[in-house]
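This report describes selected features of one protein model. Please consult the sequence and the structure shown below while reading.

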Amino acid sequence: MKSLNIKVILNLSGVLLLLNALFMFIATCVSIYFNDHLLYSFLLSGSLVGLAGIAMMYFTRDRRKHINKREGYIVVCVGWLFLILSGCLPYVTSLLLLPNDHIINENFSLVNIVYETVSGYTATGTSIYDDVESLPKSILFWRSTTNWIGGMGIIVLTIAILPFLGIGGRQLFMAEAPGIHTDKIHPRITETAKNLWLIYLGLTAFFALLLHLGGMNLFDAANHSMSIIATAGFSTKNESLMHWNNNIFIQYVLIVMMFLGGTNFALIYLLIKGQFKKVWKNEEFRWWVGLLGVVTFIVFLVLFFNIYPNYSVETYSWYNLEHSFRSSLFHVVSIASTTALAMEDYTSWLTVTTLIFFALFFIGGSAGSTSGGITVIRHVILLKNSWIEFKRILHPNAIIPVRYNNRSLNQSIVFHVMAFFVMFMFTWIVSSILFALLNYGITMSFQDILASLTLTASTLGNVGPGIGEFGPGTSMNSLTDSAKLLCCFLMILGRLELYTILILFTPAFWKNN
């Protein structure tokens, strides 16, 4: 293996900084419109980030234009590091310009700023702010923008413009999204990235319009559309979606948004083209729809027959029926898609529903979606391989492949899925123990252990809030700084699907062969 091409790594990181600066200048326009006194904050941040990006691109303009797989992994990791560091600047400069603003001042610390930024870019959506409604409008917009950027992955946006730089983007794309890719919108990787982002942008604008027509003001509609299509959870209201708890239209629009956010965007492209049969033939999509349907039905039965335990059967009305169905569907889709928004406190329901929702932390949405988690396709392959293993035990000499979408899967893919699942669970267990020690100390209680298990699972899966102490509507400001930093690492690890980060810690990765 050749030595690392440092110049191309820095050059592409410069492109990422330029793109980040562009979004900061858009936030500047929001600050001008609302006159929230942060105009110079975003101008300064965008200018510094933009100049850094231009300098990195200029001084590496004579780079070797080829990028190999190893460099692709490094570009993604270094790129995310630059994104997070540059994304912190608006929070830092806002404090310098508004030192007497209580909400900014009370929550200011470098660890808090890093946590909020990482949570935004990884589309996890947990926050350290207790009172988000007191934040300046431009900061609220920037939080939603980081959700939107990270949801699809700014790396994918970058490779859409790589042809203009004379660089191929396949290694970069595979490093950003190292999961299983069985469907493509277009055979050329850059065309795929462009189409993905066009769909992403179009859906964001379309649903922002629907939310506005449903009763949200334009600012809230735009922010929630950016956040929710990315299957993140940042909101402009302290109560989050519970602020519109009586608006049935908005809740159903959000359900559709979260469902599409958790669906493979290649299939959404086919849906837009009207190729419904091809979409339904996709095995992961059928499992995704079936999972949501079955779990929603179970939760619905629990709610409908237990939410009014003291009432007679005659008192059950169509409203109770519809409300139970809507609430069940909303929260199942929300958690399964790793959006984790709530229209009510689902953790106050029965223990059985809490266990069901906790199990959904480990499912995730579809591959090729903005969701985090293990993803449905990996579970499908694991289940199929486990079932086939019974046949292999009975017929040890038979060659029985795992089939997906009527095609035989290479055994190496099955091994990769099994390894990923083991690594995910191992990381969750170890990080839960470490989190409990960092946040509660050696004298932790059983409730502390449960809180640690749920929060690390939701953080590693980019779900958002956990259950219990760190449930929906709760900020993470009470965590210790060391626990927050651990959560930051887990959020990035989960967003880049483990291997992109963990492979950097293997000696073989750095050897020149």
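## Confidence of the prediction

Over the protein chain the mean pLDDT is 85, and 87% of the residues reach 70 or more. Among the parts of the chain, confidence is highest in α12, at 95, and lowest in helix α9 (residues 162-165), at a mean of 53.

Residues 308-315 form a stretch over which pLDDT stays under 50. For this stretch the model has 3 contacts beyond four places in sequence. Where pLDDT is low, the predicted coordinates should not be read in detail.

## Packing of α12 against α13

Helix α12 (residues 218-229) packs with helix α13 (residues 248-261) at an angle of about 35 degrees, and the two axes are 8 Å apart. On the α12 side, the contact is made by His224, Ser225, Ile228 and Ile229. Helix α13 contributes Leu254, Met257, Met258 and Gly261. By residue type, the contact of α12 with α13 comprises 5 nonpolar residues, 3 polar residues and no charged ones.

An α-helix has 3.6 residues a turn, so residues three or four places apart point the same way. The α12 residues in this contact include His224 and Ile228, and those of α13 include Leu254 and Met258.

## Threonine 353 in helix α18

Threonine 353 lies in helix α18, which spans residues 351-360. Is threonine 353 buried or exposed? Its relative accessible area is 0%, so threonine 353 is buried, the cut-off being under 20%. Leaving aside neighbours within four places in sequence, threonine 353 is in contact with Val299, Val302 and Tyr346.

## Cysteines and disulfides

A disulfide is a covalent bond between the sulfur atoms of two cysteines. How many disulfides does the count give? The count comes to 0 disulfides. For cysteine 487, the nearest cysteine sulfur is that of cysteine 488, 7.2 Å away. Because a disulfide requires cysteine sulfur atoms within 2.5 Å, cysteine 487 is in no disulfide. Cysteine 488 is likewise in no disulfide, its nearest cysteine sulfur being that of cysteine 487.

Cysteine 487 has 0% relative accessibility and therefore counts as buried. Cysteine 488 is also buried, with a relative accessible area of 5%.

How values were computed
Residues are numbered from 1 along each chain as its sequence is written. This is a predicted model: local features need pLDDT of at least 70, side-chain atom pairs count only at pLDDT 80 or more; totals for chains, interfaces and linings use all residues. Side-chain values use heavy atoms; hydrogens and water are left out. Axes are lines fitted to C-alpha atoms, for helices over the stretch in contact, and angles run from 0 to 180 degrees between N-to-C directions. Helices (H or I, at least four residues) and strands (E, at least two) are DSSP runs, numbered from the N terminus. Contact means heavy atoms within 4.5 Å. Ala, Val, Leu, Ile, Met, Phe, Trp, Tyr, Cys and Pro count as nonpolar, Asp, Glu, Lys and Arg as charged, and the others, Gly among them, as polar. Buried means under 20% relative accessible area, exposed over 50%, partly exposed in between (1.4 Å probe, protein chains only). pLDDT is the predictor's confidence in each residue, from 0 to 100.
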